[in-house]
Amino acid sequence: MVLLADSWLNEFWDWIRPADSWLLYRINQDLQLPLLDYLALFFRETIFWTPLYLFLLVFILWNFGSKGWWWVLAVILVVALSDLISSQLIKELCWRLRPCRDPDIAGTLRFIINYCPASSSFTSSHTTTHFAQATFFYLTLRHTSSWWKLAFLWAFLIGFSQIYVGVHYPFDVLCGGLLGWLIGWAVYKLYYRQFGLLLL
């Protein structure tokens with residue numbers, strides 16, 4: 001049930017829509033490349049990143065033992081909180097029509113996937129979940145290698161793909177990223193308080 005789809009929220013969506021739509025068009029149309037069309041299809045899919053998750057699991061458990069198992073549980077908590085807050089709370093409270101379902105602009109967009117959920121566009125749950133994970137990965141593992149900064153590039157590519165294929169506005173992705181950062185940081189603080197740094 002949508003609780004906050006009232007006039008003030010609709011007025012806010014109408015207020016940001018011109019800038020949001022303009023940026024959506026620039027990303028969806030002006031940046032189109034055959035290679036990017038192909039890659040965007042995969043970046044959005046969890047199964048595409050399965051090798052990365054398996055690598056992380058082996059890396060953590062191999063190097064950190066029992067503390068690593070708590071790290072894995074913390075990642076599960078990050079994902080669960082991200083889905084609960086973004087998909088089950090915010091999407092229900094702050095309804096926004098997805099660009100791929102908006103009859104006013106859908107006809108002007110390129111769609112390279114046959115997928116357009118009926119759920120609210122705000123916030124992007126894909127982006128929230130992956131930025132939350134990226135933040136947690138970086139904060140807990142940054143002492144082991146500077147390469148963990150690339151986790152944010154990974155999350156950015158997923159969020160960008162959501163705009164590129166036309167299922168989210170840029171503002172949905174931006175707010176999803178900020179929300180994900182906050183969730184990842186909060187779980188990191190909880191983990192750090194209990195287990196300290198992960199050091200090789």
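**Exercises on helix packing**

Helix H2 crosses helix H5 in the left-handed sense (near helix turned anticlockwise from the far one by less than a right angle; clockwise is right-handed). This is a predicted model: local features need pLDDT of at least 70, side-chain atom pairs need 80 or more, and totals for chains, interfaces and linings use all residues. Numbering starts from 1 along each chain as its sequence is written, and side-chain values use heavy atoms, without hydrogens and water.

**Exercise 1.** Describe the fold of the chain and its overall dimensions.

*Solution.* Start with the elements. The chain has 6 helices and 0 strands (DSSP runs: H or I, at least four residues, for helices; E, at least two, for strands; numbered from the N terminus). Read from the N terminus, the order is α-α-α-α-α-α. Next, take the radius of gyration (over C-alpha atoms; the globule rule is 2.2 Å times the number of residues to the power 0.38). The chain has a value of 18 Å, close to the 16 Å from the rule for 200 residues, so it is as compact as a globular protein of that length. Last, box the C-alpha atoms along the principal axes: they fill roughly 55 × 40 × 25 Å.

**Exercise 2.** Work out how H2 and H5 pack.

*Solution.* First, locate the helices: H2 spans residues 34–43 and H5 spans residues 150–164. Their axes (lines fitted to C-alpha atoms over the stretch in contact; angles run from 0 to 180 degrees between N-to-C directions) lie 9 Å apart, at an angle of about 115°. Now list the contacts (heavy atoms within 4.5 Å). H2 supplies Leu36, Asp37, Ala40 and Phe43. H5 answers with Leu157, Ile158, Phe160, Ser161 and Tyr164. Sorted by class, this H2–H5 contact holds 7 nonpolar, 1 polar and 1 charged residues (Ala, Val, Leu, Ile, Met, Phe, Trp, Tyr, Cys and Pro are nonpolar; Asp, Glu, Lys and Arg charged; the others, Gly among them, polar).

**Exercise 3.** Which residues does a cis peptide bond join, and where is Thr123 placed?

*Solution.* Check omega: it is about -5° for the bond between Phe122 and Thr123, which is cis. Then place Thr123: this residue is in the loop between H3 and H4.
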